[in-house]
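Please work through the exercises below with the sequence and the structure at hand, trying each task before reading its solution.

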Amino acid sequence: MSHFRKFLAHLTTALLITALPISTVLLAGCAQSDPNTPSPSANASPTTLYQALGDDSGVSAIVDGLLARIARDPRIVHHFDETDIAIFRERLIEHLCAVTDGGCVYQGENMADSHKGLNITQADFDALVGHLIESMKEQHISTSTRNALLKRLAPMYSEVTYQ
């Protein structure tokens, strides 16, 4: 079993384990709130792109959705055959946090070095971006927020492809 498939199996189990407690907390919060009192976050708007993506939990969910889509895509999954997916996941979350003003410091390799020798094509890149968009849609990220993230990632295209 590849690293990716092992990781995906682990991720699926972890998501199933956490799904029930999260829904329980959300329902409990709804039951205890006073409908006449606005919640502190009701009037607050996100001040950073990271917050608009849902902070740590939102970015993590987007990355998990992206990884699940990559794992099912025979066009690009082979690029990850030798990748430790757990470490890749953590670095991607950290990278997205840093790129979206979440206050993280990305400690991974630069884009050109990390993609050297992978021969990622335009089609590979487009497939991954498509999966990222679908993952953000699944998390109900607005179109403007999705576009803002893609705008920040787009300059990295030349450091990712044809290395």
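**Overall make-up**

The chain of this predicted model has a secondary structure of 8 helices and 0 strands, and from the N terminus on its elements run α-α-α-α-α-α-α-α.

**Exercise 1.** Find the mean pLDDT of the chain, and then find where pLDDT stays under 50.

*Solution.* Begin with the chain as a whole, for which the mean pLDDT is 82, with 74% of the residues reaching 70 or more. Then go along the sequence to residues 12-40, over which pLDDT stays under 50 and for which the model has 2 contacts beyond four places in sequence.

**Exercise 2.** Describe the largest nonpolar core, and list the contacts of leucine 53 beyond four places in sequence.

*Solution.* The largest nonpolar core has 28 residues, and those with the most contacts inside it are Leu53 and Leu149. The elements that give two or more residues to this core are helix 2 (49-52), helix 3 (55-71), helix 4 (85-99), helix 6 (122-138) and helix 7 (143-153). Once neighbours within four places in sequence are set aside, leucine 53 is in contact with Gly58, Val59, Ile62, Thr100, Met136, Ile141, Thr145 and Leu149. As a general background, nonpolar side chains in soluble globular proteins tend to be buried together.

**Exercise 3.** Locate the disulfide, give its handedness, and decide for each of its cysteines whether the residue is buried, partly exposed or exposed.

*Solution.* The count comes to 1 disulfide, and this disulfide joins cysteine 97 to cysteine 104, with an S to S distance of 2.0 Å. The torsion about the S-S bond of cysteine 97 and cysteine 104 is about 80°, so the disulfide is right-handed. Cysteine 97 counts as buried because its relative accessibility is 1%, whereas cysteine 104, with a relative accessible area of 33%, is partly exposed.

Conventions. Residues numbered from 1 in each chain as written. Heavy atoms only, no water. Core = buried A, V, L, I, M, F, W, Y, C linked by side-chain atoms within 4.5 Å. Buried < 20%, exposed > 50% of the residue type's maximum accessible area, 1.4 Å probe, protein only. Helix = DSSP H or I, 4+ residues; strand = E, 2+ residues; numbered from the N terminus. Contact = heavy atoms within 4.5 Å. Disulfide = S-S within 2.5 Å. pLDDT = per-residue confidence, 0-100.
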